[in-house]
Amino acid sequence: MENKIITDLNKDLDIKYHPNIKGVQIIEGKNNFPISWLNQQGYCEYQLYLQYFQGVKVGETQAMTTGTNVHNQLEKKFQESATPATFEEVLEFSKTEKTVTREMFVISPEYGIRGFIDEIWMTPEEFVIIDDKPGNRAYGSTINQVRAYCLAFKNMINDKRKIVGALRQRGTDNIFWSEEFDEDAQKSIKFIIDRMNGLFEGEKPFIKTKNPNKCKSCRFQSYCIHD
Ligand code: SF4
């Protein structure tokens, strides 16, 4: 198994900041948002509105800070044994040998999404797209997130190998959910991405969660008109 750091993914794209929505960029003329927002979209769309349309700033939770620290430690350890290579070189190399890369930036101007994939296993048979999560429950929002990474990755390659999306408990080897990124998964995530674009364009309303327990632990509670 080889560890590789991909070095050549800064594409020459036409990028502008969205005039009203913090974090949305206009890439090749189309709204483009961070894939991590899908996690928040599944929790409560009104949080997205407060944070990115209203510019409300709140601090991180302790769980978020711990998550970032674990993530950084894993990245540092990986880099100690990884060698640099271009994306094309890694794709080619992995046709004969299992290759692991971390923190790969993916971007799809076509679907309007971008983000960093925690870890990718590239083997002669398949690509496994792994997103690390703090717990071991597969929520709809986290599944959407990993599906979007799969979609962006698929959009960047010309390769017939199978793509698998997976969720792993952060800091462990416990893959607690996985699926092949098939036609149904693609259809499902494209529907969610269309919804996000509807929110950005003002065509659809931001729907608040119906779960009062989510509000109880919401960082935006004091700014929210619904609470
Ligand atoms: S308090 Fe509840 S409704 Fe308001 S943003 Fe938070 S989760 Fe959404």
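**Exercise 1.** For this predicted model, state the volume of the second largest pocket and find which residues lie nearest its centre.

*Solution.* 
Step 1. The volume of the second largest pocket comes to about 350 Å³.
Step 2. Its lining is made of 16 residues. Nearest the centre are Leu74, Phe78, Arg102, Glu119 and Arg168.
Step 3. Sorted by class, the lining of this second largest pocket holds 7 charged, 5 nonpolar and 4 polar residues.

**Exercise 2.** Determine which element gives the most to the lining of the second largest pocket.

*Solution.* 
Step 1. List the elements that supply at least two lining residues each: α3, β6 and β7.
Step 2. Of the elements, α3 gives the most, with 4 residues.

**Exercise 3.** Describe the largest pocket by volume, lining and residue class.

*Solution.* 
Step 1. The largest pocket contains about 1600 Å³ of space.
Step 2. The lining counts 43 residues, and Asn39, Met64, Lys133, Gln145 and Arg170 are the ones nearest the centre.
Step 3. By class, 18 lining residues of the largest pocket are polar, 14 nonpolar and 11 charged.
Step 4. Elements that each supply at least two residues to this lining include the helices α1 (37-43), α2 (45-53), α3 (62-81) and α5 (140-156), and the strands β6 (99-108), β7 (113-122) and β8 (126-133).

Conventions: Residues are numbered from 1 along each chain as its sequence is written. This is a predicted model: local features need pLDDT of at least 70, side-chain atom pairs count only at pLDDT 80 or more; totals for chains, interfaces and linings use all residues. Side-chain values use heavy atoms; hydrogens and water are left out. On a 1 Å grid over the protein atoms alone, a cavity is a set of points where a 1.4 Å probe fits but cannot get out, and a pocket is an open set with protein on both sides within 12 Å along at least five of seven lines; lining residues have an atom within 4 Å of a point. Grid points are joined across faces, edges and corners, and a volume is the space filled by probe spheres set on the points. Ala, Val, Leu, Ile, Met, Phe, Trp, Tyr, Cys and Pro count as nonpolar, Asp, Glu, Lys and Arg as charged, and the others, Gly among them, as polar.
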